[in-house]
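I opened my notebook to look up a few things in this structure, one topic per entry. Here is what I wrote down.

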Amino acid sequence: MKAILSLDQGTTSTRAIVFDTFGNIIASHAVEHTQHYPAENYVEHNAEDIWQNALTVCKKALAEAQAKGYTAQTMGITNQRETCVAWAKDTGLPLAPALVWQDKRTADLCTDLNAAYGASVKEKTGLPIDAYFSATKMAWLMENNKAVKQAQALNNLCIGTIDSYLIYRLTSGSVYATDATNASRTLLFNIQNMTWDSELCECFKVPKALLPIVKNNIDDFGKTDEALCGFSLPIQGVCGDQQSATIGQACFEAGTAKSTYGTGNFLMMNIGKNPKPAPEGLLTTVLYKTADTTMYAYEGSSMVCGSSIQWLRDKLKLISSAIETERLAKAAKQNDGVYVVPGFVGLGAPYWKAGTKGHIVGLTLDTTKEDLIRATLDGLCYQTLDLLNAMDTPLKELRIDGGMASNDWFCQRLSDITHIKTVRPKVTETTALGAAYLAAIGAGLIPDFQTVSKQWQISKTFTPTLENDTRETMILGWKRAIQNCIEL
Ligand code: ADP
């Protein structure tokens, strides 16, 4: 039976999933990698570990699928975006640690550049100048790392996002390419004309000639080298993780949106074929590019989501596992004026207040552990409400995924607070699924996105149940809480 291998290279782990052509999971393997924090604001990954893990999980998933009678015909890749790697052209070996999207070592440089070029860069790329994106990380590596500098002098340097690095290694250096969604997160790619932009490359001091070529999301990214990998598959779909999840959630129409509740929260809304500037606090980004269409999206991410559940578990020790939050939140008072504002690492979209801290407000002697847990989950729902309000586009429904989407109480509360139907699909591994579908279309295993839409299936729908008055009172309390948090 025919199948698709999808490699999902994430921030904390690398996962390979084999899907059948209907989007069902046949086999799956994941390996975590170490997060390195060598100095304040530095977050690094070992790019060689990532490559070895990618190889291991692919081989294991393929073998398991084979044992079940499935043979992969094609491969898709999705990845943590913005993280960048420098490697040697001749060997493919990394020259330096990968600088992870969370790495803030170039924050000061970005503040300076922002003052001079912020507006024009936003117009071309849809992004604010921030250390989060790849350009200043690439420049930092070229300026500060000896091996990278040397390789550049010898015309032996390749530099790019994780997808381009994995493609290079999988094909033994025969393909040096990235895709339009990953390119759109570098600050070097003009999302109006869909090319690397000479002025931007100059501004960020990244030579344009060094960059990989940019391909469509469904394209020919070469073939894995069997002698090296142990399997020979054409790579036919490549996409950044949030875009891939949006495809896996079949958000192909303008005005459809998905929200992922993992360690962080990422909300992405399809805005159609026009890259219109995003409202304050949000980004415009490429959703996907195929031979005949380019689609754009608004994106908003709040830095903290499931990590606040980990805080409840590991620091407050109110729970011993994330799953308990469902039972305990249900047992709490539902509207008692207790709010947890999850500004633990500052507030992300749509507030962008880097210096804020988390807050708990409205405590009384009657506040219980259950109330605090409920308020923590609530805070994440209000964050989504604020993101949706910033997007200012009415939604029919919000498609949800990520670890927290398994919590029914949370899904219902999200629907109540946002006053939008929330929908959980049958396959919640939407990130890997999106890349698998791209590759499947590339290989002709399924015809088009319409088929993806037909195959997308609901596991459970949550509809709003709160009385309007109650909801408004709750939201008013949240607005006060977040205002306090921002002002303090
Ligand atoms: P990532 O892909 O970012 O590693 P996942 O999508 O696997 O994250 O989600 C893991 C996060 O979801 C963790 O932070 C965990 O605390 C949270 N989580 C998982 N299950 C539940 C649950 N039932 N209720 C609340 N939070 C949960």
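**Entry 1: salt bridges.** Before counting, I needed the rule: a salt bridge is a side-chain nitrogen of Lys or Arg within 4 Å of a carboxyl oxygen of Asp or Glu. The idea behind it is that side chains of opposite charge can pair when their charged atoms come close. I also noted that I'm working with a predicted model. How many salt bridges does the count come to by this rule? I got 22 salt bridges.

E64 pairs with K68, and their closest N and O atoms are 3.5 Å apart. E64 is partly exposed, at 29% relative accessible area, and K68 is partly exposed too, at 45%.

Next I checked R81 and E82, which form a salt bridge with closest N and O atoms 3.9 Å apart. Are these two buried or exposed? R81 is buried, with a relative accessible area of 2%, and E82 is buried with a value of 2% as well.

Then I went to D408 and K460, whose side chains meet at 2.8 Å, N to O. D408 sits in helix 13 (residues 408-418) and K460 in strand 22 (residues 458-462), so this pair ties together parts that are 52 residues apart in sequence. D408 is partly exposed at 21% relative accessible area, and K460 is partly exposed at 34%. I also found a network: salt bridges that share partners join R81, E82, R185, D241 and E299.

**Entry 2: cysteines.** A disulfide is a covalent bond between the sulfur atoms of two cysteines. For my count, the two sulfurs had to be within 2.5 Å.

C158 is buried, with a relative accessible area of 1%.

C229 is in no disulfide either; its nearest cysteine sulfur, that of C58, is 8.1 Å away. C229 counts as buried, at 0% relative accessibility.

C58 belongs to helix 1 (residues 47-67) and is buried, with a relative accessible area of 1%. Leaving out neighbours within four places in sequence, C58 is in contact with L5, L7, A16, M75 and F231. I checked one pair by distance too: C58 and T263 are 205 residues apart in sequence and 24 Å apart from C-alpha to C-alpha.

**Entry 3: N79.** Where is N79? I found N79 in strand 5 (residues 71-79). N79 counts as buried, at 0% relative accessibility. Not counting residues up to four places away in sequence, N79 touches Q9, I162, D163, N182, C239, G240 and D241. D241 was already in my notes, as a member of the salt-bridge network.

Entry 4: I picked the second largest pocket, which holds about 370 Å³ of space. It is lined by 18 residues, and A250, C251, F252, E253 and S453 are the closest to its centre. Strand 20 (397-401) and helix 15 (449-455) each supply at least two lining residues. Which of the elements gives the largest share? That is helix 15, with three residues. Sorted by class, the lining has nine nonpolar, four polar and five charged residues.

Definitions and conventions:
Residues numbered from 1 in each chain as written. Predicted model: local features only at pLDDT ≥ 70, side-chain atom pairs only at ≥ 80, totals over all residues. Heavy atoms only, no water. 1 Å grid on protein atoms, 1.4 Å probe; cavity = no way out; pocket = protein on both sides within 12 Å on 5 of 7 lines; lining within 4 Å. Points joined across faces, edges and corners; volume = space filled by probe spheres on them. Helix = DSSP H or I, 4+ residues; strand = E, 2+ residues; numbered from the N terminus. Nonpolar A, V, L, I, M, F, W, Y, C, P; charged D, E, K, R; others polar. Buried < 20%, exposed > 50% of the residue type's maximum accessible area, 1.4 Å probe, protein only. Contact = heavy atoms within 4.5 Å.
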